[in-house]
Amino acid sequence: MFKWFGRVNYTPYTKVSDFARHLKNGRLMGSRCRHCGATSFPPKADCDACMSGDFEFVEVSGAGTLVTFTKIVAAPTGFEDVAPYNIGVLDLADGGRALAWLGETVPEADIAIGMELQLVPRILEELEEIKVYYTLERPGTTWSTAAADA
Amino acid sequence: MTRVGIIGLGHGVFGRRSDATVQELAFEAFREAMEDAGIERSRIDASVIGAVPEYHKQRSLAGVVQEYLGLVPKPTWLTEVACASGSAAIRTAWLSIKAGVHDVVAVVGCQKMTELGTAEILALMGRVGEVQWESGFGTTFPGYYAMFAKRHMHEFGTTRDQLTDVAIKNHFYGAMNPKALFRKAITKEKVAASEDVATPFQVYDCCANADGAACVILAREAVAKEVSSAPVWLSGMGCATASMSVLRRPSLVGLPSAEAAAAQAYAMAGITAKDVKVADVHDCFTIAEIMAYEDVGFCKKGEGGPFVADRQTYIGGTVAVNVDGGLKAKGHPIGATGVSMTYEIAKQLRGEAGERQVPDADVGLTHNVGGIGQYCFVQVLTRD
């Protein structure tokens, strides 16, 4: 189901494909090595620390700090109609990082390195096919997990 | 162990070369390098081609170049590490001579980037980052360096004007380089008026795609001394990597691959950054040159902005950097760029750089980056 992840997806097949299913259900999942306990976000099937391929998903809070950002004006194929857009890199409180769009709860004039933000699961609703992603939002922004793990 | 000398230098004109195929571009540089070396073609033991394949209609480029250069049936192979493919070609040629397998190797960096239409270029641009977790958000090559720039500005107070200073310097020198794509000086006003690409970058913060080729001919020490009165030596060869994903880079204000590659090159050559008189660094974007000053040790981390603003990287400053125009003004035919850097620094060490000549240039450096720093090659060049 990893083909669901991203407005444009180049990697439909991966050992961590359940990440996208969890995201659709409103859950942000990192990985934890069952052998040595090392964690990763984004999730990674094969452990950096001990090379084990035995992992499990663990939920992360998505809270974090903005490391850097930019407004992309000259957009690549597949993003022409949404340009310009702001993207940022978030240092997650639970470890790891995420790169994502800055969402509508963060006005462009307010974007600043060091600000606290929340990584929030999203579904692109204007499309018929399922497209899930996440955005960087003001802390306290809520999202629906009502779909449950169906 | 033998030293490896540079005995031949060739360089075509960079630009929109709708007059030539990629192998014809390669031949321009090769012919000039062979004339410079003054050796018979039969003395070339092998060639190494630096290029990025996805830009060419011709698949498996090394074969068609090898045939056009007239080097069949000698060995050839292609090296690819994005924008550092040319330096990878030099490194593998150097290794083959060091290993005692070959005596003389021709290295050709070549790239034809204008074969692709805008749509194909935009599609490629969408896949420069790590495609699983990053490209789905519309990241671009300028976008990544723009995020480095934002962070550099945040941590060190680097300014918009200091980015502009890099572009102004490189266009100033590019105007003096007959092989450069852009041969006109630019003003601060011109930079400021250019369109946004990815904040804080505008058009003049970004290097331009180009077609072009460069060639260096390398030889083992005995051959180099036989055919050349003053060979330039590859005295320090560094090479390192950094994670592809920005999600796995602890620091976003420099390239760890560049720091590591520079340290290796200095140690091998037995010099320090202070000994370097002239350098070509990988200024794919203005911030990239500022970070390069810091990563190779020309100034401390965070001081790259004031360093260029104080004109310390003009001829007459602490170290002359990109006085061939850099990627910024010379153009960036990605496979050719690394070889073009070595060409320029060897010319400087020979005292053949004309009005751009750096006085007393006896130690030079190249710094060639692939992608957003996942690969970096640093060379120290010296003369006897």
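Analyst: Ten strands of chain B make an open sheet in the order E3-E2-E4-E7-E1-E8-E12-E11-E9-E10, and the pairing is mixed. Strands here are DSSP E runs of at least two residues, helices are H or I runs of at least four, and both are numbered from the N terminus. Two strands pair if DSSP finds at least two bridges between them.

User: Before we go on, what kind of model is this, and how is it numbered?
Analyst: This is a predicted model; local features need pLDDT of at least 70, side-chain atom pairs count only at pLDDT 80 or more, and totals for chains, interfaces and linings use all residues. Residues are numbered from 1 along each chain as its sequence is written, while chains are lettered from A and ligands numbered from 1 in the order in which they are written.

User: How many bridges join E9 to E11 in chain B?
Analyst: Four, between strand E9 (residues 278–281) and strand E11 (residues 363–370) of chain B, which run parallel. One partner to look up: Val281(B) has His367(B) in E11(B) as its bridge partner.

User: What packs on the sheet?
Analyst: Helix H9 (residues 256–269) of chain B does, touching strand E8 (232–241), E11 and strand E12 (375–383). Its direction makes about 145° with that of E8(B). Contact means that the C-beta atoms of two residues, placed from the backbone, lie within 7 Å. Angles run from 0 to 180 degrees between N-to-C directions, and axes are lines fitted to C-alpha atoms, for helices over the stretch in contact.
Analyst: Helix H13 (residues 334–350) of chain B lies across several strands, including strand E1 (4–11), strand E4 (104–111) and strand E7 (212–220). H13(B) runs at about 125° to E4(B).

User: Now helix against helix. At what angle do H1 and H2 of chain B pack?
Analyst: About 50°, with the axes of helix H1 (residues 22–37) and helix H2 (residues 61–69) of chain B 9 Å apart. That makes H1(B) oblique to H2(B). The classes are roughly parallel under 35 degrees, roughly antiparallel over 145, roughly perpendicular from 65 to 115, and oblique for the rest.

User: Which residues meet there?
Analyst: Among them are Ala26(B), Phe27(B) and Phe30(B) in H1(B), and Val64(B), Val65(B) and Tyr68(B) in H2(B). By class, the contact has nine nonpolar, one polar and no charged residues. Nonpolar covers Ala, Val, Leu, Ile, Met, Phe, Trp, Tyr, Cys and Pro; charged covers Asp, Glu, Lys and Arg; the others, Gly among them, are polar.

User: How many helices and strands does chain B have?
Analyst: Chain B has 13 helices and twelve strands. Its radius of gyration, taken over C-alpha atoms, is 19 Å, close to the 21 Å that the globule rule (2.2 Å times the number of residues to the power 0.38) gives for 384 residues, so chain B is as compact as a globular protein of that length.

User: And chain A?
Analyst: Chain A has one helix and eight strands. The C-alpha atoms of chain A fill a box of roughly 45 × 35 × 30 Å along the principal axes.

User: How many residues does each chain give to the contact between them?
Analyst: Chain A gives 31 and chain B gives 30. On the side of chain A, the largest share, six residues, comes from E4(A). That side divides into 20 nonpolar, eight polar and three charged residues.

User: Last one. Where are the cis peptide bonds?
Analyst: One runs from Ala83(A) to Pro84(A), with omega near -5°. Pro84(A) lies in the loop between E4 and E5 of chain A. Another runs from Val72(B) to Pro73(B), with omega near 10°. Pro73(B) is in the loop between H2 and E3 of chain B.
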